[in-house]
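Please look over the model below before reading the numbered points. They take up the core, the surroundings of the ligands and a few backbone details in turn.

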Amino acid sequence: MNGPVDWREARARAAAAAPPPAVEHVALPRALGRVLAEPLVTPIPLPHFASAAMDGWAVRGAGPWRLVESDAATGPDAAPDPDTGLARSVLRPGQAVPIVTGAPVPTGADAILRVEAGGVDGDRLEAVGDVGRRDVSEHRHLRPAGSEAVAGERLLGPGVRLTPPRIALAAATGVDALAVRRRPRVAVVLTGDEVVESGVPGVGRVRDSFRIALPAALESLGAEVVGVVRIPDDTDATRAALSGGDVDLVVTTGGTGRSDADHVRRALDAMGAELLVPSVAIRPGGPTLLARGGGRVVLGLPGNPLAAVLGLVAIGAPLVAAWTGLTPAEAVIRAGAPLAGREGTTGLVPATVAEGVAMPTEFAGAGMLRGLASADVVLAVPPGGAARGERVEALPLPWS
Ligand SMILES: Nc1nc2c(c(=O)[nH]1)N[C@H]1C(S)=C(S)[C@@H](COP(=O)(O)OP(=O)(O)OC[C@H]3O[C@@H](n4cnc5c(N)ncnc54)[C@H](O)[C@@H]3O)O[C@H]1N2
Ligand code: MOO
């Protein structure tokens, strides 16, 4: 029970450790990147009135036309008829009225003749050239009301990430707030008395890899990082950091080992926490642990920089995804080189992807960052390894 947990099982336990997704309402500017909780149903047709797609003239009939004064067709008060979506002014056969892009089209208009394809002589307008004649005969440049969506149509389903175009689509329907899934509130706790946060480290010291990168990666996964603290290598300080604050999840780095300098497991013990995943059968990242105690979940990542990120990709990603009701993305890709296996362990290998083929990067030792810095995905290499050309599972990096 205390040995390393198979990596699929560990991912399943991580997903199961999240509470059922909860909902909150946020204003549109704060909804970017969040997960939609309820369908987006447009209360209005899109567009909600018939409008011109070009600057020019609204015309009725084959032409030539007599130009009439622009009134409701282009004025700021040109409210469309709520039933038809058409502007209330009426264009009679043989008439034309100036119109600008986006303005309501008068009732009766059957084409927009763009300005560069019309010739005006006094109050007489005629189409010029093939382009002008086609504008008219093909009834061009009219955007009918409801041509993109009718009122009551479902435009987005729940469970999708709110990308910039999805936010823009929501805004176009006239809504000002959206129902989104709650994010876990996360405290990041950095350990390691040897770690320095600026300048060139002396011998026996290491420059911090996590204070900037880890919160960013967690936010990319969909979490809300509410604090980052560095604590001394001490069991009481670790226990206090693991149990303090109003948070849902604590993510630690370092100290997952069993030496005198490692305090995460001892602190969890002292808290009476339940170890959900004591370690994972992955390499690097094996010492990654998951626990529940003090009313929160604790994800313990190893101190080695690559190992920590791979622990986050393997266990943190399904945990945060389940919290926000997302299904973690999984894909398979062809290996561009033979990948050695290791009995009882899933190898996690940073890889670059070109033309659908994944090449493992160099410099992918547990304490390194160089391979990860150039990687596009992480390959999950089964214990038996994989031949060149074989399909292997590819996990996305949080920021890609
Ligand atoms: N006897 C054994 N020793 C180790 C084992 C083992 O099974 N038996 N496992 C090894 C593996 S695998 C890993 S991974 C590490 C896990 O170590 P910890 O989580 O306890 O991490 P630390 O010992 O605190 O640090 C490891 C390494 O990472 C550096 N580090 C820590 N924090 C940072 C930071 N913020 N930025 C950059 N680098 C950091 C730290 O200086 C150490 O070099 O244990 C192995 N040992
Ligand atoms: O699992 Mo450790 O992560 O290899 O250095």
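1. A nonpolar core is a set of buried Ala, Val, Leu, Ile, Met, Phe, Trp, Tyr and Cys residues joined through side-chain atoms within 4.5 Å. Buried means under 20% relative accessible area, exposed means over 50%, and partly exposed lies in between (1.4 Å probe, protein chains only). The largest such core here has 46 residues, and L218, L290 and L319 have the most contacts inside it. Among the elements that give two or more residues to this core are helix 1 (7–17), helix 5 (213–221), strand 23 (296–301) and helix 8. Helix 8 gives the most, with 13 residues. At least three residues of this core come from each of domain 1 (7–22 + 183–324) and domain 4 (331–396); domain bounds come from an automatic or database domain assignment.

2. On the basis of the note: this is a predicted model, where local features need pLDDT of at least 70, side-chain atom pairs count only at pLDDT 80 or more, and totals for chains, interfaces and linings use all residues. Residues are numbered from 1 along each chain as its sequence is written, chains are lettered from A and ligands numbered from 1 in the order in which they are written, and side-chain values use heavy atoms, with hydrogens and water left out. Helices (H or I, at least four residues) and strands (E, at least two) are DSSP runs, numbered from the N terminus.

3. Which residues come nearest to ligand 1? They are E194, D208, S209, T256 and G257, out of 19 residues around ligand 1; a residue is near a molecule if one of its heavy atoms lies within 4 Å of it. Strand 17 (206–207) and helix 8 (305–323) each supply at least two residues of this shell. By class, the shell has seven nonpolar, eight polar and four charged residues. In this count Ala, Val, Leu, Ile, Met, Phe, Trp, Tyr, Cys and Pro are nonpolar, Asp, Glu, Lys and Arg are charged, and the others, Gly among them, are polar.

4. A polar side-chain atom of E194 lies 2.6 Å from one oxygen atom of ligand 1, a backbone N or O atom of G255 lies 3.1 Å from an oxygen atom of the ligand, and for a polar backbone atom of N304 the distance to a ligand oxygen is 3.2 Å. The protein covers 61% of the 870 Å² of accessible area that ligand 1 has on its own (Shrake-Rupley method, 1.4 Å probe).

5. The side chain of N304 has an N or O atom 2.9 Å from an oxygen atom of ligand 2. Around ligand 2 are R283, P284, G285, G286, P287, N304, A307 and A366. Backbone N or O atoms also approach ligand oxygens: that of G285 at 2.6 Å and that of G286 at 2.9 Å.

6. The peptide bond from R283 to P284 is cis, with omega near -10 degrees. P284 sits in the loop between strand 21 (282–283) and strand 22 (289–293). Another cis peptide bond runs from L46 to P47, with omega near -15 degrees.

7. Is E355 buried or exposed? E355 counts as exposed because its relative accessibility is 80%. Its phi is positive, about 50 degrees, although E355 is not a glycine. H139 has a positive phi near 50 degrees and counts as partly exposed at 46% relative accessibility.

Conventions: Polar contact = N/O pair within 3.5 Å; in protein donor to acceptor, adjacent residues only side chain to side chain.
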